[in-house]
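Dear colleague,

I am handing over the structure below, and after it you will find an account of what came out of it. Please read the two side by side.

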Amino acid sequence: MTADPADPADLAAHVDLADLLIRHPASTLLLRVCGESMAGAGIRHGDLLVVDRAIRPRRGHIVVARLEDGFTVKRLERRGDQWCLRAAHPAYPELPLDGNAQLWGVVLHAIRQP
Amino acid sequence: MAHATVLIDANNFYASCEAALDASVLGLPLVVLSNNDGCVVSRSAEARALGIPMGAPWFQLRQQLERHGVIVRSSNYSLYADMSQRLMASLEEWVEELEIYSVDEAFGRLSRPGANGGAGGDLSVWGQALRSRVRRHLGLSVAVGIAPTKVLAKVANRIAKQHPGHRESGVFDLGAVPDPDPWLEEIAVEEVWGIGRRLSRWCRLRGIATARALRDMPPGELRRRCGVVGLRLQHELAGSSCLPLQSAPAPKRETCVSRSFSTPVDSLPALREAVATYLSRAAEKLRSQQQRAGAVTVFVRSSPFNGTSFYSNAATVTLPLASNDTAVLLAAALPLTERLFRPHKPLQKAGVLLQDLQPDTLLQQHLLVPSPVEQQQRRAALLATVDHLNRRYGSGTVQWAACGLQPRWRMRRSRLSRAATTRLADVPLARAY
């Protein structure tokens, strides 16, 4: 028995990794993680982050924020009526989201070399 | 439904690209230097506010820049090219048709809503949305000029950038104002897109000083002076479109790669290395354009300022069979350097020009130069691999030995930023500590 040659499932192209990981190519950038403060969220030192700037950050999103001296990766949270950036590790202090921190993009994936 | 033409261009494009992916320079004054770290070619808004002049040589400004803490960068073309592609890709989603006019500038066409033969709805709100989207997604600031024609869209863009009432918003819709005439009166005739220096001088001699005066001058006079080109300008200024968008770029007819040397080149081996380097780059361009060259010109010149007599020369070789194979082009063109080199004429600049370009698909055969199809395919596969490696791991990863290893003449780029979007080793860091 051979498969029906007209079966569309057989004609489908192979899975494209870039397609899978990137929703908005024009506004997607890669950043390299430095440090372990997001280990609790499954993001480790050396991971490659797929960051999409076209997605509006919401509560609970893992985001990249731009501080005065560099980029940082944190979880966007709300405490009362104040937005804040929280590490996934108890040893790191919470940062208020104010004039010094600008939300820059949303982390969609972390790629790790085992 | 009426159509509108929009001109979108990025403000301080090079300087903005430098700041877009480097958190450490946010809000600081920054300038970008031209090739060989020569002159200031782009300034951030903060550098502009400090009064740092455009086009000024770096060595003259050095102290002033240091005093103000201005960040200085060499031109990082791979970063700007990548950001340009991102910009154009996002603009494409906003218009029905896009003409990429330069690295940081594009014309677009879109429908004007609510137009019933009259002026139609204001597109400023649309322009604002586009602008804030581009700023958020790419970190670039753009100016948006909207009008019925390309020439008027240029005018509107200028107003959006420079007029005190619109600079803040960065958007101006000339098609939505009740009377465009006062606006056209503010635009000097020299600033009209496509006018050229000679025609604008001719206009001035006749007392035509503004875009409005140009539009309203007797068409017969303009036609006698410059034929249909002038009439087209006039029509466009009057709001009837006669310059269509060119969304598919015309195939290139020439490809040129040339650079100034950081130190004068006064030996034949060094000139050969430089020419080989430029030729490999030009051949790579050719392959990405899917073209072959039928002729190669090599040109050289000395510095016009060094006191000795100026020397400038060029030589051309015609290929028996058009090619985009670096090895074939090198074999044909490198001997030209011997004809061009003069022992007592130190050279400041050299370049190669690939001419008689034809589509790569035209596989031709030559009676005297046998070249089996199988062999051609093997060469093409090899070159594709070389190009792929250089794209992926950075230009110069794989190169022809003729290019030399550590050339002294290589362009000076002492303040080059990282290839943050095009090289994996250079991506920005996200701190998690």
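In chain B, helix α1(B) gives the most to the lining of the second largest pocket, with four residues; helices here (H or I, at least four residues) and strands (E, at least two) are DSSP runs numbered from the N terminus. The model is a predicted one, in which local features need pLDDT of at least 70 and side-chain atom pairs count only at pLDDT 80 or more, while totals for chains, interfaces and linings use all residues. Residues are numbered from 1 along each chain as its sequence is written, chains are lettered from A and ligands numbered from 1 in the order in which they are written, and side-chain values use heavy atoms, with hydrogens and water left out.

A pocket is an open set of points on a 1 Å grid over the protein atoms alone, where a 1.4 Å probe fits, with protein on both sides within 12 Å along at least five of seven lines, and its lining residues have an atom within 4 Å of a point. The second largest pocket holds about 770 Å³ of space, and among its 30 lining residues B:Asn12, B:Ser16, B:Ala45, B:Arg135 and B:Ser141 are the closest to the centre. At least two lining residues each come from β7 (102-111) of chain A and from several elements of chain B, including α2 (45-49) and α6 (150-162).

Chain B also has an open sheet of five strands in the order β5-β6-β1-β7-β8, with mixed pairing, where two strands pair if DSSP finds at least two bridges between them. Strands β5 (97-102) and β8 (171-173) of chain B stand at the edges, each with a single partner strand, so one side of each is left without a neighbour in the sheet. Strand β7 (residues 142-147) of chain B pairs with β8(B) in the parallel sense over three bridges, and B:Gly145 has B:Phe172 in β8(B) as its bridge partner. Helix α5 (residues 124-138) of chain B packs on this sheet, touching β1, β6, β7 and β8 of chain B, where contact means heavy atoms within 4.5 Å.

Finally, the axes (lines fitted to C-alpha atoms, for helices over the stretch in contact, with angles from 0 to 180 degrees between N-to-C directions) of α6(B) and helix α10 (residues 219-237) of chain B come within 7 Å and cross at roughly 60°. Here B:Lys150, B:Val151 and B:Leu152 in α6(B) meet B:Leu233, B:Glu236 and B:Leu237 in α10(B).

With best wishes

Definitions and conventions: Grid points are joined across faces, edges and corners, and a volume is the space filled by probe spheres set on the points.
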